[in-house]
Amino acid sequence: MPNEKFREAILKSYTSNLPSIYLGAGICNNEIIAEAKVNLPMRMMNRHGLVTGATGSGKTRTLQLLAEQLSAAGVPVFMPDMKGDLSGMAKEGSVNDKINERVQALGITYTPTAFPVEIYSLSGKLGAQMRATVTEFGPTLLTKILELNDTQSGVLNILFKYADDKNLPIVDFNDLKKVLNYLTEGPGAAEIKSDYGKISSATASTILRKIVALEQQGVDQIFGETSFDIEDLFQKVDGKGVISLLNVADIQSQPAIFSTFMLALLAEIYQRLPEAGDLDKPKLIFFLDEAHLLFKDAPKAFLDQIDQVVRLIRSKGVGIFFCTQLTQDVPPSVLAQLGNRVHHVIRAFTPNDVKALKETIKTFPKSEFYDMEQQFTQLGTGQAFITVLNEKGVPTETVVTHLAPPASFMGPLSDSEYKNQLNQSDLYKKYKDAVDPQSAFEILSERMQKEEEEEAEEKASKAEAPKRTSRKQEKSTLEEVMSSPVAKQVGRELVRGVFGMLFGTTTTRRSSRKRSSIF
């Protein structure tokens with residue numbers, strides 16, 4: 001029987017003796033085959049993955065299903081909460097007719113379960129404030145956020161290089177603006193000219209305007225201290241991995257900011273973690289929802305950094321799962337590294353949709369059980385085409401899967417539950433208040449003040465110098481006159497006259513000399 005052959009093929013391809021995540025059961029000839037269990041070995045989750053599908057196809061619930069089972073296995077998870085509706089993972093799910101129907105079709109037991117959740121925010125309004133210093137962010141990621149061109153990006157690199165060389169910590173935008181002003185119009189302009197090159201006022205003004213624009217959008221608070229400690233992402237509670245949610249519902253109009261911030265976190269995780277090799281379970285799984293925002297209009301340097309992080313971070317025991325609408329949203333160099341695929345329905349309403357569908361099908365192993373082009377457009381909500389890597393690293397059979405329901409609540413917490421969740425969080429208290437350390441702004445301000453004081457003293461000294469020179473010249477002239485022969489003769493006559501008047505000898509001596517001279 002065809003279904004029996006299908007069942008055997010799926011069992012052979014997806015059965016593992018290692019810890020695995022249960023995704024659901026295979027579908028063949030429109031029938032759910034409960035015995036054809038589709039599992040994802042945790043050992044292969046650091047080979048990264050991709051979750052795609054049209055709006056409303058069930059991508060968010062797929063992410064929730066993955067996050068729950070990872071947490072239950074003691075693996076921490078980080079994921080963005082685009083609409084604020086994943087916070088419900090902190091409480092048990094509620095049973096309803098749809099869930100009962102799905103679990104019966106899959107032949108599984110449904111146990112409502114709550115999971116440990118920490119909620120973060122880039123604005124600080126919806127969760128524990130996530131921050132990073134400007135220095136930690138680096139010029140490449142900052143270029144993406146500020147939307148700088150190549151010339152402006154080059155100037156930004158000069159600022160960072162100078163700050164590194166001179167031990168100037170750039171913590172927030174005030175520091176960055178101070179360094180920019182110091183090197184453009186301040187005393188540092190002449191200093192950097194030979195070593196780094198001159199910065200034009202026009203370029204500096206453009207960068208400054210873009211920094212101010214971000215400040216006006218109210219997202220500049222993501223830069224500062226206390227910066228986020230990535231060790232907080234690896235926490236466990238009662239043996240369960242903590243699910244860290246980044247609520248970005250209040251800054252959805254600035255997609256480049258939160259997508260780039262998540263990449264900054266990944267880059268720091270890569271730099272900080274030691275090599276781990278292939279583990280039976282990953283240390284952390286990192287979900288990047290709305291991944292197309294990460295790559296849209298990204299400069300080459302930025303794309304190169306993503307490619308490098310994705311390529312190398314798996315050796316640190318970290319897996320990355322990108323979530324977006326189309327496979328084509330992910331650059332080919334990154335797509336080639338995503339071994340685990342969960343593809344929900346693709347709507348083929350336009351010629352471009354049909355083209356995207358055909359390109360997506362080419363990324364899957366061929367299947368003898370499906371007309372994939374037809375099947376892709378007929379998937380129901382909570383169903384997906386799946387292929388993953390088995391424990392030997394070999395791609396599994398492509399299978400249409402009826403996905404299992406999440407065990408936690410599928411929706412947001414109520415306002416009171418949300419506030420209570422934050423109030424009970426030690427991390428919310430830890431990152432709530434910003435710290436203003438001694439950084440580039442203070443250091444350069446003190447330096448500029450000292451230079452101004454020294455310049456004022458030098459000007460005052462120069463103003464007094466001509467007076468001292470004039471007095472010296474007058475004295476020198478008097479000394480010169482007094483040392484001449486005429487002056488000496490006059491002096492002697494004056495002295496003689498004075499002594500003659502005192503002792504009455506002047507006339508006698510003069511007469512005597514006259515007489516003597518006659519003889």
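Q: How many disulfides turn up in the whole structure?
A: Zero, going by a search of the whole thing. Keep in mind that this is a predicted model.

Q: Okay, and is Cys28 buried or exposed?
A: Cys28 is buried, at a relative accessible area of 2%. It counts that way because the cut-off for buried is under 20%.

Q: What about Cys323, buried or exposed?
A: Buried as well, with 1% relative accessibility for Cys323.

Q: Switching to helices. How do helix 9 and helix 11 cross?
A: Helix 9 covers residues 255-272 and helix 11 covers residues 300-312; their axes come within 10 Å and cross at roughly 45°. The two are therefore oblique to each other.

Q: Left-handed or right-handed crossing?
A: Helix 9 passes helix 11 in a left-handed crossing.

Q: Which residues meet there?
A: From helix 9 you get Thr260, Leu263, Leu266, Ala267 and Tyr270, and on the helix 11 side they meet Phe302, Gln305, Ile306, Val309 and Leu312.

Q: And how many of the residues in that contact are nonpolar, polar or charged?
A: Between helix 9 and helix 11 there are eight nonpolar residues, two polar ones and no charged ones.

Q: New topic: where is Lys5?
A: Lys5 is in helix 1, which runs over residues 2-14. With 47% relative accessibility, Lys5 is partly exposed.

Q: What is Lys5 in contact with, leaving aside neighbours within four places in sequence?
A: Glu368 and Phe369, once those neighbours are set aside. Lys5 and Phe369 are 364 residues apart along the chain, yet their C-alpha atoms are separated by 9.6 Å.

Note on methods:
Residues are numbered from 1 along each chain as its sequence is written. This is a predicted model: local features need pLDDT of at least 70, side-chain atom pairs count only at pLDDT 80 or more; totals for chains, interfaces and linings use all residues. Side-chain values use heavy atoms; hydrogens and water are left out. A disulfide is a pair of cysteine sulfur atoms within 2.5 Å. Buried means under 20% relative accessible area, exposed over 50%, partly exposed in between (1.4 Å probe, protein chains only). Axes are lines fitted to C-alpha atoms, for helices over the stretch in contact, and angles run from 0 to 180 degrees between N-to-C directions. Helices (H or I, at least four residues) and strands (E, at least two) are DSSP runs, numbered from the N terminus. Angles under 35 degrees count as roughly parallel, over 145 as roughly antiparallel, 65 to 115 as roughly perpendicular and the rest as oblique. A crossing is left-handed if the near helix is turned anticlockwise from the far one by less than a right angle, and right-handed if clockwise. Contact means heavy atoms within 4.5 Å. Ala, Val, Leu, Ile, Met, Phe, Trp, Tyr, Cys and Pro count as nonpolar, Asp, Glu, Lys and Arg as charged, and the others, Gly among them, as polar.
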